[in-house]
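Please keep the structure open while reading.

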Amino acid sequence: MWLYVVLVGLVGLFLLRRWHRERQMVPRLWEKHVLITGCDSGFGNLLARQLDGRGLRVLAACLTEAGAAQLRAAASPRLQTVLLDVTSSQSIAAVTAWVRECVGDQGLWGLVNNAGTAIPTAPNEWLTKDDFVKVLNVNLVGVIEVTLSLLPLVRRARGRVVNVSSVMGRVSFFGGGYCLSKFGVEAFSDSLRLEMHNFGVKVSVIEPGYFRTMITDVKILEKNFLSVWDKLPEEIKASYGERYLKQFVASLKVMQKSYSSNLSLVTNCMEHALTSLHPRARYSAGWDAKLLYIPLSYLPSAFTDAVFNFFYPKSLEKA
């Protein structure tokens, strides 16, 4: 009995200490520059407006001029936009030079690698090498090149790197480059966090569950599946069967019901990672991340396989 009371007390003290530490904010936020990639929509767009409202100097990187114009119209004159294609070394170099001019000797306080894509995605056997490369170039190689290009400016400010991963960086239950890229982001972030420790730079990973964004848009994903299916050799189509395709699309529509529309659950984690004196190494966002996917990632593979196989479509050649 006494042991139980002691354990509860220790856990309570730990949580109280963590709560106190995480409430301590970085001073003089209005002087800090933060570059965010992927600000056309979704998490990046909301975070840019959110940090702008907090008074930070936001440098919002968008893929399109239309996205940049829409963001400027919704923000204060303090926010600046720039066009960035994270798959282009030339574009990254140009943005790096622009950021260097914006921040001067102060350096870059925050880098948020948010830009991402999930298309094309499908069962692995349906895809080509190029299909994988398209996603990896945005979600992983782009994150690495942008980070390496801007890291000297972040070190100068003794600032923050915030990389957007996913619960799919913990468990992988669908094919294509998305899960691979997010596992890679986790690994890159872990090694970078260790390397940057002595420089005073903190690296955080954001692991959202399923939220309603362009990446999870069912109409876009359904169009992607049908497009990939149409290009498949007849032998593969015969092996899986059209019923498999229909079940896959139907499962997307079922999952859509569990998507959260409250994107601030994710952007609040990003903001904390940028503004807290003691940011976490990892942030999970969404009830499904906290209660389902993250716990599953610690369980034996045989158990997680059984859970996911229960919901998986069945092919004509079911073993």
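This is a predicted model: local features need pLDDT of at least 70, side-chain atom pairs count only at pLDDT 80 or more; totals for chains, interfaces and linings use all residues.

R158 lies in the loop between α5 and β5, the latter covering residues 160–164, and its phi is near 50°, a positive value in a residue other than glycine.

**Backbone geometry in the loops**

- R28, although it is not a glycine, likewise has a positive phi, of about 55°, and this residue is found in the loop between α1 and β1.
- With a relative accessibility of 46%, R28 counts as partly exposed, because that class runs between 20% and 50%.
- The peptide bond that leads from I119 to P120 is cis, with omega near 5°, and P120 has its place in the loop between β4 (110–113) and α5 (129–157).

- Although V26 and S276 are 250 residues apart along the chain, their C-alpha atoms are separated by 5.6 Å.
- Leaving aside residues up to four places away in sequence, V26 touches K32, W109, R160, L274, T275, S276 and L277.

**Packing of α7 against α9**

- The axes of helix α7 (residues 218–230) and helix α9 (residues 242–256) come within 10 Å and cross at roughly 170°, which makes α7 roughly antiparallel to α9, since angles over 145 degrees are classed in that way.
- The crossing of these two helices, α7 and α9, is right-handed.
- On the α7 side the contact is made by V218, L221, E222, F225, L226 and W229, and on the α9 side by E242, L245, F248, V249, L252, K253 and Q256.
- By residue type, this contact of α7 with α9 divides into nine nonpolar residues, one polar and three charged.

**The chain as a whole**

- The secondary structure of the chain comes to twelve helices and seven strands.
- The radius of gyration of the chain is 21 Å, which agrees with the value near 20 Å that a compact globule of 319 residues would have.
- Along its principal axes, the C-alpha trace spans about 65 × 60 × 35 Å.
- Buried residues make up 48% of the 319 residues in the chain.
- Of the contacts in the chain with a separation of 6 or more, 71% are accounted for by residues 24 or more positions apart.

Note on methods
Residues are numbered from 1 along each chain as its sequence is written. Side-chain values use heavy atoms; hydrogens and water are left out. Axes are lines fitted to C-alpha atoms, for helices over the stretch in contact, and angles run from 0 to 180 degrees between N-to-C directions. Helices (H or I, at least four residues) and strands (E, at least two) are DSSP runs, numbered from the N terminus. Angles under 35 degrees count as roughly parallel, over 145 as roughly antiparallel, 65 to 115 as roughly perpendicular and the rest as oblique. A crossing is left-handed if the near helix is turned anticlockwise from the far one by less than a right angle, and right-handed if clockwise. Contact means heavy atoms within 4.5 Å. Ala, Val, Leu, Ile, Met, Phe, Trp, Tyr, Cys and Pro count as nonpolar, Asp, Glu, Lys and Arg as charged, and the others, Gly among them, as polar. The radius of gyration is taken over C-alpha atoms; the globule rule is 2.2 Å times the number of residues to the power 0.38. Buried means under 20% relative accessible area, exposed over 50%, partly exposed in between (1.4 Å probe, protein chains only).
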